[in-house]
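The exercises below concern a protein chain and its ligand. Please inspect the sequence and the three-dimensional structure before working through the solutions.

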Amino acid sequence: MRVRPANRRLGILLSGRGSNFEAIADRIASGSLQAQIAIVISNIETAPGLERARASGLTTAFIPSRGKARDEFEAEVVGVLKQHDVSLVVLAGFMRILGATFIESFPYGILNIHPSLLPAFHGMDAQKQALDHGVRFSGCTVHFVDQSLDGGPIVAQAAVPVMVSDTADSLSARILKEEHRIYSEAIELVLAGRCEIEGRRVLIHE
Ligand code: GRF
């Protein structure tokens with residue numbers, strides 16, 4: 001199935017620091033990624049990423065998740081994304097696992113970035129998991145989101161070496177630099193309609 005978003009309007013979901021969001025916003029500002037950030041949504045009111053989005057004049061929304069059933073929260077977020085005519089949802093450090101309500105509202109229209117070479121080290125603290133496991137290379141993965149945890153079809157990956165002297169922090173920093181590069185590249189591939197899903201594989205067309 002060829003993925004063809006109806007427009008280039010992004011909805012960014014974040015819960016924390018927001019460095020991936022900023023990297024994407026920078027690429028858009030410099031003209032190297034042709035997209036519009038239609039809205040930045042956070043479930044955490046004090047998320048630094050949300051603060052930065054507000055400060056740069058983007059449309060933002062704080063939608064609390066605490067104390068709500070998952071379906072209720074997701075229906076609210078989906079409603080706001082649809083109101084803003086978003087065709088590609090970009091998870092950028094969004095610390096909630098999405099359920100069926102959300103995923104079925106944006107079929108192959110949600111991307112996530114994970115700080116490991118999936119399928120290795122899914123879930124939390126992926127960089128520490130890689131270090132503890134003793135792998136020589138780790139990296140990051142941009143993938144479509146489906147019902148599996150960090151398991152949807154892979155759009156882009158980048159590898160980095162793991163040094164003997166690494167801590168979880170130093171490895172995370174090396175990986176993060178690559179995250180900031182490949183997320184925008186993957187978004188462009190999807191927006192340009194160049195991705196075709198064939199089972200687990202994403203074929204990239206010219
Ligand atoms: C990144 O490491 C990303 O891979 C993971 O969460 C972290 C978010 O960082 N999903 P930031 O908020 O984009 O700085």
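The exercises treat the domains, their contact, the ligand surroundings and the backbone in turn.

The structure is a predicted model, in which local features need pLDDT of at least 70 and side-chain atom pairs count only at pLDDT 80 or more, while totals for chains, interfaces and linings use all residues. Residues are numbered from 1 along each chain as its sequence is written, and side-chain values use heavy atoms, with hydrogens and water left out.

**Exercise 1.** State into which domains the protein chain is divided, and describe the contact between them.

Solution. Step one: the chain splits into domain 1 (7-107) and domain 2 (112-206), with bounds that come from an automatic or database domain assignment. Step two: the C-alpha centres of these two domains are 19 Å apart. Step three: 22 residues of domain 1 and 19 residues of domain 2 take part in the contact, where contact means heavy atoms within 4.5 Å. Step four: the size of an interface is often given as the accessible area lost when the parts come together. Between domain 1 and domain 2 the buried area (accessible area, 1.4 Å probe, lost by two parts on being put together and summed over both) is about 1,700 Å², and carbon and sulfur atoms give 64% of it.

**Exercise 2.** Identify the salt bridge between domain 1 and domain 2, and explain which parts of the chain it ties together.

Solution. Step one: a salt bridge is a side-chain nitrogen of Lys or Arg within 4 Å of a carboxyl oxygen of Asp or Glu. Step two: the whole structure has 8 salt bridges, and 1 salt bridge is counted between domain 1 and domain 2. Step three: arginine 8 and glutamate 188 form a salt bridge, with 3.1 Å between the closest N and O atoms. Arginine 8 belongs to the segment before strand E1 (9-14) and glutamate 188 to helix H6 (residues 168-191), so the pair ties together parts 180 residues apart in sequence. Helices (H or I, at least four residues) and strands (E, at least two) are DSSP runs, numbered from the N terminus.

**Exercise 3.** Which residues surround the ligand, and which polar atoms approach its oxygen atoms?

Solution. Step one: with a heavy-atom limit of within 4 Å, the surrounding residues are Arg17, Gly18, Ser19, Asn20, Gly93, Ile113, His114, Pro115 and Glu179. Step two: a polar side-chain atom of arginine 17 is 2.5 Å from a ligand oxygen atom. Step three: for asparagine 20, a polar backbone atom lies 2.8 Å from an oxygen atom of the ligand. Step four: an N or O atom in the side chain of glutamate 179 is 2.7 Å from a ligand oxygen atom.

Definitions and conventions:
A polar contact is a pair of N or O atoms within 3.5 Å; within protein, one must be able to donate a hydrogen and the other to accept it, and residues adjacent in sequence count only if both atoms are side-chain atoms.
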